[in-house]
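Me: I'd like to go through this structure with you, a bit at a time. Can we start with the entry below?

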Amino acid sequence: MVSGAKTHSFEEVANHNKIKDCWLIISGKVYDVTPFMDEHPGGGEVLLSATGKDGTNDFEDIGHSDDAREMMEKYYIGVIDTKTVPAKRTYIPPQQTPYNPNAKASESLAKILRFLLPLFVLGFALTLGLYTKKD
C-alpha cells in the first residue's frame with residue numbers, strides 16, 4: 001500500500017461505472033479515468049467493461065506501453081481495500097433441461113406434419129378442381 005493514499009472499498013469503486021464517472025481497479029490501485037474516456041485508443045467502452053471488478057488482467061492482457069503506465073499516475077486516486085474485494089467467482093455451468101424422450105417424438109411428428117400437410121392441401125385442391133371442372 002502507498003502510504004497516505006486514500007483507501008476505497010470495492011463497493012464504492014464499483015458504483016463509479018458510467019461514462020461520466022468511471023473508476024478502475026488495476027494492481028490494487030484505484031484510478032478515476034473519467035477524463036480519459038474520450039482519449040482512450042480503444043474507446044470509453046473498453047474502460048467501462050473493466051468497471052465493477054479488478055481490471056488488472058484486462059489491463060495486462062492488452063500489453064500497455066511504458067508511456068501508458070506513466071500516464072496512469074495522473075488518474076491515481078488511492079488504493080483498494082482488499083478485504084472488500086469479493087472472492088473470484090467460480091464458473092457455474094447453466095442448468096440443462098433433463099432428457100425427455102417424448103419431446104423427441106413430438107419433434108419428429110411436427111416435422112412429418114410440416115411435410116405432409118402441404119401435400120394434403122395440394123391433393124385436396126387438385127381433387128376439388130377435377131370434380132368441379134365443367135365438361
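Me: Is Thr 7 buried, partly exposed or exposed?
Reply: In this predicted model, Thr 7 counts as partly exposed, since its relative accessible area is 38%, and that value lies between the 20% and 50% cut-offs.

Me: Which strand is Thr 7 in?
Reply: Thr 7 belongs to strand E1, which covers residues 7–8.

Me: And how far is Thr 7 from Thr 82 in space?
Reply: Their C-alpha atoms are 9.5 Å apart, although the two residues are separated by 75 residues in sequence.

Me: New topic: what is the phi of Ser 27?
Reply: The phi of Ser 27 is near 55°, which is a positive value in a residue that is not glycine. Most residues other than glycine have a negative phi.

Me: Where does Ser 27 sit, and is it buried or exposed?
Reply: Ser 27 is in the loop between strand E3 (21–26) and strand E4 (29–32), and it is exposed because its relative accessible area of 51% is over the 50% cut-off.

Me: What about the inside, then: how many residues make up the largest nonpolar core?
Reply: That core has twelve residues, including Cys 22, Leu 24, Ile 26, Tyr 31, Phe 59 and Met 72. The largest share of this core, three residues, is supplied by E3. Apart from this core lies another one, of seven residues, among them Phe 10, Ala 14, Val 30 and Ile 80.

Me: Back to Ile 26, what is it in contact with?
Reply: If neighbours within four places in sequence are left aside, Ile 26 is in contact with Tyr 31, Asp 54, Gly 55, Thr 56, Phe 59 and Met 72.

Terms used:
Residues numbered from 1 in each chain as written. Predicted model: local features only at pLDDT ≥ 70, side-chain atom pairs only at ≥ 80, totals over all residues. Heavy atoms only, no water. Helix = DSSP H or I, 4+ residues; strand = E, 2+ residues; numbered from the N terminus. Buried < 20%, exposed > 50% of the residue type's maximum accessible area, 1.4 Å probe, protein only. Core = buried A, V, L, I, M, F, W, Y, C linked by side-chain atoms within 4.5 Å. Contact = heavy atoms within 4.5 Å.
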